[in-house]
Amino acid sequence: MDSPRPIFIIGAPRSGTSITTWALGQHPNIQPMPETAWIASMGVGAYLSYLKGSERGRFSHLSNVEFPLERFMARIGEAADAIVHDAFSERRRRLYGKAACDPSWRLPEKYANSPMQIQRAGGEPKRRWIDGTPMNTFYLWALAAMFPEARFIHNLRRPDEVATSLEAFDRVGAEPQELDAGLETWIAHTDYAWYCERALGSERAFRLDFRRLSQDPETLFGEICAFLGEDYNPACLLPLRQKLNSSRVDDRREANLARLHENPVYVRAQSVYELVSAQPAGIEPDEAAGEVVRQRFIDYCRDRSLV
């Protein structure tokens, strides 16, 4: 059986995570999916379960045979991958009917240029999937352990733009955040994602500059497909024709930026942005950054228990 090769988008919310998910989900080999949260939760549970199964040395099931953590987490990843594919099959059936399983099936002509479809032809393999859940950023150590062949895309957007968008989050049915809170959200996600990038190295992590989604999309998605080891497909550009989950705050951005220049939280966020922008991941994984990511995950799990 081939190892799962999912794609995770990390970084701050309101950084183009949804549009990137849908864009890559138009690729014949990539399934788009709603935000999950359960996969990261499963990663935490798997790690805690491993500790529980190893806590008594030779008297515990896993430690009795020195069962390796890496193999345990990868097995959990295989189970998660199977669930994702089962859910996709059901979603496809509900959207298109059983006919979509037939290799000869094609999306009806009137929908050919529809920007957001989960499948366009029955013969599309859709072996991979993309998860754009921003909270995955904080659980990357577990996700990377569950899916050793996974790839990660860090969407990086200016902090003032993210904070302004979060301020109007209620326009897309979510809880809005005040500007300072939005900036803190951006700092937390971006700092963590930056360590994750460096921990993985550029063969497993790709930096996506938010501005390129509108300024240079064809070249950008050509680069992303090459990074993923997939042939470029022009259908990836279809979702970029419209704003997705947009909080429509263009009129506020300049005003907020002027207000924020003396704001200490913004000054801190901007310094993080400049640092992260100037230092993308190197080719080789950074062991020190990897240890930070691992330790943060362990600290999160400390004193937690499932049973």
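N263 is buried, with a relative accessible area of 14%. Buried means under 20% relative accessible area, exposed means over 50%, and partly exposed lies in between, with a 1.4 Å probe and protein chains only. This is a predicted model, in which local features need pLDDT of at least 70 and side-chain atom pairs count only at pLDDT 80 or more, while totals for chains, interfaces and linings use all residues. Residues are numbered from 1 along each chain as its sequence is written, and side-chain values use heavy atoms, with hydrogens and water left out.

Where does N263 sit? Its place is the loop between α10 (250-260) and α11 (264-278). Such labels come from DSSP runs, numbered from the N terminus: helices are H or I runs of at least four residues, and strands are E runs of at least two. The side chain of N263 makes a polar contact of 2.8 Å with the side chain of D180. A polar contact is a pair of N or O atoms within 3.5 Å; within protein, one must be able to donate a hydrogen and the other to accept it, and residues adjacent in sequence count only if both atoms are side-chain atoms.

### The strands

Start with β4, residues 151-156. Six of its six residues are buried. R151, I153 and N155 point one way from β4. F152, H154 and L156 point the other way.

Which strands pair with which? The table lists the pairs. Two strands pair if DSSP finds at least two bridges between them.

| Strands | Direction | Bridges |
|---|---|---|
| β1 (residues 7-10) and β4 | parallel | four bridges |
| β4 and β5 (residues 205-209) | parallel | five bridges |
| β1 and β3 | parallel | two bridges |
| β2 and β3 | parallel | three bridges |

I9 has I153 of β4 as its bridge partner. N155 has L208 of β5 as its bridge partner. F8 stands opposite D131 in β3, and Q31 stands opposite W129 in β3. Strand β3 covers residues 128-131. R128 and I130 point one way from β3, W129 and D131 point the other way, and all are buried.

### The nonpolar cores

How many residues does the largest nonpolar core have? It has 38. A nonpolar core is a set of buried Ala, Val, Leu, Ile, Met, Phe, Trp, Tyr and Cys residues joined through side-chain atoms within 4.5 Å. The residues with the most contacts inside the largest core are I39, L140, F147, F152 and F297. Several elements each supply at least two residues of this core: β1, α2 (38-52), α4 (69-96), α5 (140-146), α7 (179-200) and α12 (287-301). The largest share, seven residues, comes from α2.

Leaving out residues up to four places away in sequence, F152 touches F8, I10, L140, L143, A144, L200, R204, A205, F206 and F227. Contact here means heavy atoms within 4.5 Å.

A second, separate core has 18 residues. Among them are A12, L179, Y266 and V276.

The buried ones are T17, I19, T20, T21, W22, A23 and L24.

R14 lies in the loop between β1 and α1 (17-24). Its phi is near 65 degrees, a positive value in a residue other than glycine. R14 is buried, with a relative accessible area of 14%.

A37 lies in the loop between β2 (30-32) and α2. Its phi is near 70 degrees, again a positive value in a residue other than glycine. Is A37 buried or partly exposed? A37 is partly exposed, with a relative accessible area of 29%.

### A pocket and a distance

The second largest pocket has a volume of about 350 Å³. On a 1 Å grid over the protein atoms alone, a pocket is an open set of points where a 1.4 Å probe fits, with protein on both sides within 12 Å along at least five of seven lines; lining residues have an atom within 4 Å of a point. Grid points are joined across faces, edges and corners, and a volume is the space filled by probe spheres set on the points. Of the 15 lining residues, the closest to the centre are W141, A144, A145, R204 and R294. Helices α4, α5, α7 and α12 each supply at least two residues of the lining.

R71 is in helix α4. R71 is partly exposed, with a relative accessible area of 46%. The C-alpha atoms of R71 and I118 are separated by 32 Å, and these residues are 47 residues apart along the chain.
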